[in-house]
Amino acid sequence: MEKPLYPSPYMRITQGYMVGTHRDSYAIDDAGKDSSISSIKAPFTGVIKKIYKEDANEVWLESIDKVLYPDGTEDFMTIMFTHDNNVDDLFIGKVIPKGSDFYQEGTKGNASGNHCHIECGQGKFTGTGWHKNNAGYWSINNGKKPEECLWIDDSITVLNNGGYQFKKIELEKPKEEIKPTSPPIEEQSKEEPKEEIKPASPPIKEQSKEEPVKDNDITFEQTNNKMPKLIFTCSKDDIYAIKLKSGQKLYLD
Ligand SMILES: [Zn+2]
């Protein structure tokens, strides 16, 4: 289950929720690394449900599947992004892979400098996606605090967290199992394979994240259509026995 990641690689929250233009909403503004325009990454694999070009190019992204919230909630998530100057590359129904740069900071609508206005909502896109709140601003339906929706990890540089504590995803250390009797093993074990970012729109097949298959002291990793990965270097001429599963490929160099 995906953990929605904070969408700006440089977290610089310039306005928090429930204040100023964010009264009666859990909206935050993120201005990124500097005053220029930075890209915003998809926090999860999602589908675009609505684009509202008449105002600030608001875009609603709904998760394809349920996601894991930092507070333990397992549910769909919908996030509204605002102020991109040009969203002509987006369309309703477009599938956005997690981690891809799909939105930009900007100044479209009521924005004084380049930033992205972000509002998280729990559950799927509902109704028109938003409602006019008690302060007179249009706010996402089922709004929820961003720190209860979004995770951070080592890829995110926190310049200003706005006073909010975001829960961090700790990457698990690779397990090393080297047995003295076995041939030398070069193990490259990663907990989560880096997802290839493709801008194309066809539905994404869930990548299998199975544990490496271990057999006969030689570790194999699922390569998921990527380039074959070096997992074993033969140190001397010898006869090796390996067990392959049906459909598995063996590359020799
Ligand atoms: Zn805002």
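Let me begin with pLDDT, which is the predictor's confidence in each residue on a scale from 0 to 100. What we have here is a predicted model, and its protein chain averages a pLDDT of 85, with 74% of the residues scoring at least 70. One stretch calls for caution, namely residues 218–223, where pLDDT stays under 50 and for which the model has 18 contacts beyond four places in sequence. Where pLDDT is low, the predicted coordinates should not be read in detail.

Turning to the overall fold, the protein chain has zero helices and 17 strands, and 30% of its 253 residues count as buried. Of the contacts in the chain with a separation of 6 or more, 63% are between residues 24 or more positions apart.

The largest nonpolar core holds 37 residues, among which Tyr 6, Leu 61 and Phe 81 touch the most other members. Strands E1, E5, E8, E10 and E11 each give two or more residues to this core, and the largest share, four residues, comes from E8. Leu 61, leaving aside its neighbours within four places in sequence, is in contact with residues including Ala 42, Ile 48, Phe 81 and Ile 96.

Finally, I would like to look at Glu 105, which sits in the loop between strand E10 (101–104) and strand E11 (116–122). Why does Glu 105 count as buried? Because 26 other C-beta atoms lie within 10 Å of its own, and the cut-off for a buried residue is 20 or more. Beyond its sequence neighbours within four places, Glu 105 is in contact with several residues, among them Ala 31, Ile 37, His 83 and Cys 116. The C-alpha atom of Glu 105 is also 8.4 Å from that of Asp 30, a residue 75 residues apart from it along the chain.

Conventions: Residues are numbered from 1 along each chain as its sequence is written. This is a predicted model: local features need pLDDT of at least 70, side-chain atom pairs count only at pLDDT 80 or more; totals for chains, interfaces and linings use all residues. Two residues are in contact if their C-beta atoms, placed from the backbone, lie within 7 Å. A residue is buried if 20 or more other C-beta atoms lie within 10 Å of its own, exposed if 12 or fewer, and partly exposed in between; C-beta atoms are placed from the backbone. A nonpolar core is a set of buried Ala, Val, Leu, Ile, Met, Phe, Trp, Tyr and Cys residues joined through C-beta atoms within 7 Å.
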